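Here are my notes on the model. Please read them alongside the coordinates.

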Amino acid sequence: MTHSQHKDNAGAKLGMWLFLFTELLLFGGLFLLYAVYLSRYPQGFTTAGREMHIVFGTANTAILITSSLLAAMSVTAIQRGERRQALWFLGGTILCAVIFLTNKYFEWSAEIGHGFYPDSPRLATAPPGESAFFSLYYMTVGLHGLHVVIGGSLLAWVAVKVKRGSIHSGDYVLLENATLYWHLVDLIWIFIFPLYYLIL
Amino acid sequence: MNEQHHIVSHRKLAGVWLALLALTALTVWVAHLNLAVGHVWGSLAIACLKSGLVIAFFMHMKYEGWLLRWLLFMTLVILAIFIGLTFFDVLYR
């Protein structure tokens, strides 16, 4: 990077990765809780897991993978100096984030409609494994959803900077870091999907 | 600092995307097979493979220097210790 201003791009990226590692440990802790409760209540977890909508989960997996592709492509585009293209890719990524959250809204509405929510009468009378499953599900997926909201906002902010020209082929570490965060969101979903939707 | 300039082509990224979609289809199919405990490990193996692809290509880890790779490795080791010790307690209590 030859730039007249002093900019430590390697340092900026290192900082972002260190933050992402703490995120991995945070979600790792939630996955660990899942594993412990699964081994304690295999029966309740299986019953509860069968209530999940695999179509929503699969669709959202495909959407997040696609959004991750578009985010990665926006970095390639900016490196090649193609700003307009980068903006289109970023717009596509944010659109995917919105579709993901819309799906989530319908999915959660359906589940809450069926009486699956923390402290619901249906779960209160169910065996302990089932309410443990749904508590962990809402906690993990809710925290992930929060990350989708933050990541989408971050990308929108970065897109404005790309449009204004303050992010360009000579200085794009901010875009890189924002997309790294977005890929982490995808990464975590890659584990949520089999654990909550498939294996039970 | 050559690796900082590495540009991953759209074609390569699209290839990774196709692989990820194919692995997603595979993991859904494996779950339908009902192989008892086998499909739990199968699903997790596929998830690890998918995240490896995302980290290596989408997140450019393949083109990063030793520092980031080493830190990633250390994070995964810490996570593994974390999970291993917890299960050592949970399973043999």
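1. Chain A reads α-α-α-α-α-α-α from its N terminus. That comes to seven helices and zero strands. Keep in mind that this is a predicted model.

2. On overall dimensions, the C-alpha trace of chain A spans about 65 × 30 × 25 Å along its principal axes. Chain A has 200 residues, and 40% of them are buried. Among contacts in chain A with a separation of 6 or more, 78% join residues 24 or more positions apart.

3. One helix pair deserves a look. The axes of α2 (residues 42–49) and α6 (residues 128–164) of chain A come within 7 Å and cross at roughly 55°. An angle of 65 to 115 degrees would count as roughly perpendicular, and one under 35 as roughly parallel; α2(A) and α6(A) are therefore oblique to each other. The crossing of α2(A) past α6(A) is right-handed.

4. Which residues make this contact? From α2(A) come Gln43(A), Gly44(A), Phe45(A), Thr47(A), Ala48(A) and Gly49(A). From α6(A) come Pro128(A), Gly129(A), Glu130(A), Ala132(A), Phe133(A) and Phe134(A). By class, the residues of the α2(A)–α6(A) contact are six nonpolar, five polar and one charged.

5. Now the contact between the chains. Chain A supplies 32 residues and chain B supplies 34. On the chain A side, the elements giving two or more residues are α1 (9–40), α3 (54–79) and α7 (173–198). The largest share of that side, eleven residues, is from α3(A). The chain A residues touching chain B divide into 20 nonpolar, ten polar and two charged.

Technical notes
Residues are numbered from 1 along each chain as its sequence is written. Chains are lettered from A and ligands numbered from 1 in the order in which they are written. This is a predicted model: local features need pLDDT of at least 70, side-chain atom pairs count only at pLDDT 80 or more; totals for chains, interfaces and linings use all residues. Two residues are in contact if their C-beta atoms, placed from the backbone, lie within 7 Å. Helices (H or I, at least four residues) and strands (E, at least two) are DSSP runs, numbered from the N terminus. Ala, Val, Leu, Ile, Met, Phe, Trp, Tyr, Cys and Pro count as nonpolar, Asp, Glu, Lys and Arg as charged, and the others, Gly among them, as polar. A residue is buried if 20 or more other C-beta atoms lie within 10 Å of its own, exposed if 12 or fewer, and partly exposed in between; C-beta atoms are placed from the backbone. Axes are lines fitted to C-alpha atoms, for helices over the stretch in contact, and angles run from 0 to 180 degrees between N-to-C directions. Angles under 35 degrees count as roughly parallel, over 145 as roughly antiparallel, 65 to 115 as roughly perpendicular and the rest as oblique. A crossing is left-handed if the near helix is turned anticlockwise from the far one by less than a right angle, and right-handed if clockwise.
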